[in-house]
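Open the model in your viewer and get ready to select residues. We will go stop by stop.

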Amino acid sequence: MEGKDKEMSVSLEGRSERDFNTVSEMVDVIEAVGSFVGFRRTQRKVCLNLVRRLKLLLPLLEEIRELGSSIPAMPWSYLANLKKSLISAKKLLKHCNVGSKIYLAFECEAITSRFHAVYDKLYQALEDMPYEELRISEEVKEQVELMRMQLKRAKRRTDTQDIELAMDMMVVFSKNDDRNADLAILERLAKKLDLRTIVDLEAETKAVRKLVKDRGTHNAVSTNQIVDILGRFKQIAGIEETSVLDGPVSSKTLEKCLSLLVPHEFLCPISLEIMTDPVIVATGQTYERESIQKWLDSSRRTCPKTGQVLTHLSLAPNFALRNLILQWCEKKNVELTRKDMYVGCESFSTALIEEISSLVQGLSSCQLDLLQESVVKIRMLSKENPDNRILIANSGGIAPLIQLLPYPNPKIQEHSVTALLNLSLDESNKRHIAREGAIPAVIEVLQNGTDEAKENSAAALFSLSMLDENKVMVGCLNGIPPLVHLLQNGTSRGKKDAATALFNLCLNQANKSRAIKAGVIPALVRLLRDKNLGMIDEALSILFLLVAQPEGKNAIGQLSVIETLVEIMRDGTPKNKEYATAVLLEIGSDNSSVVLAALQFGVYDHLIEITRCGTNRAQRKANLLLQHMSKCEHIP
């Protein structure tokens, strides 16, 4: 008997030791996640909330550990389940801390589902915990109960991306679209995802490589899209690699990208490298002597940056700037030597300059074959890289391309507008193209061109309207009605191009009224009802911009539109429901008939559900709408 008691005592001691080790391991997990910093921006809020909630468990675990042997032996499964849920939370938080930023933005909804699964595991583990047997104090039990209630609420919520990020992601990751995304969109997206510096891009490259390795052949399409967008971000930053999967970023590449680390005014506009011998040309612009001399030696007589004709070819040393560069280099411990010169703009080689000059001349040829060959090659070169776009513009290619827009041959017209679309991806070219009078001609192609020409015309107007002054110009030149027409009657791709252009243009106040007068609201409502087209997000985003306008509020307040909004609040995605609720709140805030109509269509139950399960913003809007309804008559 004594032997059995001894065996039981050893067994209990062993199990107790195992339990206490488990408690210590869980404390370590919580402390580890508490040390994570720099969560990805798209999941930062939800990560910080989860870490805060996990820290609420520390008093419980510390109390279990402190009570020690006074706690009776408890079933292993309770602590094991809590430990598993904490490990799952740590794994997810780590992923949001070091995982691919592009992937986390691209798969935002899937990541949200993983957070909800973690909430469920934690909630269940805490619900099953035998607090009485553990002799947990009332104060700690109340704290754990608070966490459980927070988890219960959290798993019913979904935070959506902001509208601008969502639209940018839609444009950049658009399927079956072989065109380059607008440079301004890529730069804005890179800024939102914190992917602009060498260090950030190097870390993202490692994260994407790990993602590719972990995923294998699964989800190959989305993986390729992520790899592609990373490549484009790196191209913007000046990192030239054949593939993001070809191993670590080389020191040579980092040297090439020194331009990311130095003040902008220290960089040569041609080579994009820090200048060692800066000189001033006739226009007052400063260049590296070697680079501008090569430019002039190729018989060019214009300023590469401004496109202005040089009144003389003298080069004056910029001693003041050179001294500032030398002081900066000494302070930053940067060695400034000729051999470090980055000849990244190989596209400015004499051979290519001569080729492009010849092609630009060919754009004015009377021979149809030569004309067609020239415009096709210009289109392809303008698509290949940013340097070509600058060089084509500086070689005088924009004006003849604009002159070809009314050309009777539809293919030449199509190639011309597409080349201008490609050239417009460069920020300075946007202004140049608009100043040359392209916008009226592009609008004409939008009205009368081939399907592809119309699509690319809409995309060109979208690209050009990234500049506020061009938004105004497109609106004043009556470019909005044909975009609305394309939204109504275009191909699937044409409708998407029209929607993105209209969204951008309607950021301008005067253009909102123009779009409403052009009939954009009925067109958007048709998109809301066409589930196969998959443009509900785009349509709701534009409606949300227009609903604040008095004429927009009246048009959206039609019974058929209200019914459609209520249906989306019932069946849509969390983001759909959020914007539909926001639109309905706006049109119903001063119109009781809209509220009563929505109630007849069954909105009340959907609003109650949204207050429980919607995004944070949707919940706020739904509660405001319910409060407003309570002031109206005939509330059920």
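At what angle do helix H17 and helix H20 pack, and how far apart are their axes? Select residues 368-384 for H17 and residues 410-423 for H20: the angle is about 25 degrees, and the axes lie 8 Å apart. Helices here are DSSP runs (H or I, at least four residues), numbered from the N terminus. Axes are lines fitted to C-alpha atoms over the stretch in contact, and angles run from 0 to 180 degrees between N-to-C directions.

Before moving on, know your model. It is predicted, so local features need pLDDT of at least 70, side-chain atom pairs count only at pLDDT 80 or more, and totals for chains, interfaces and linings use all residues. Residues are numbered from 1 along each chain as its sequence is written, and side-chain values use heavy atoms, with hydrogens and water left out.

**Stop 1: H17 and H20**

The angle of about 25 degrees makes H17 roughly parallel to H20 (angles under 35 degrees count as roughly parallel, over 145 as roughly antiparallel, 65 to 115 as roughly perpendicular, the rest as oblique). Their crossing is left-handed (the near helix is turned anticlockwise from the far one by less than a right angle). Now show the contact (heavy atoms within 4.5 Å). On H17, pick residues including Leu 371, Val 375 and Arg 379; on H20, residues including Ile 412, His 415 and Ala 419. Colour the contact by class: 8 residues are nonpolar, 6 polar and 4 charged. Ala, Val, Leu, Ile, Met, Phe, Trp, Tyr, Cys and Pro count as nonpolar, Asp, Glu, Lys and Arg as charged, and the others, Gly among them, as polar.

**Stop 2: H23 and H26**

Select residues 451-464 for H23 and 492-505 for H26. They pack at about 20 degrees, axes 8 Å apart. That makes H23 roughly parallel to H26. H23 passes H26 in a left-handed crossing. Among the contact residues are Ala 459 and Phe 462 of H23, with Thr 500 and Asn 504 of H26. This contact has 5 nonpolar, 4 polar and 3 charged residues.

**Stop 3**

Helix H9 (163-172) and H26 each give two or more residues to the lining. By class, the lining has 4 nonpolar, 2 polar and 2 charged residues.

**Stop 4: H32 and H33**

Finish with residues 574-588 (H32) and 592-600 (H33). Their axes come within 7 Å and cross at roughly 140 degrees. That makes H32 oblique to H33.
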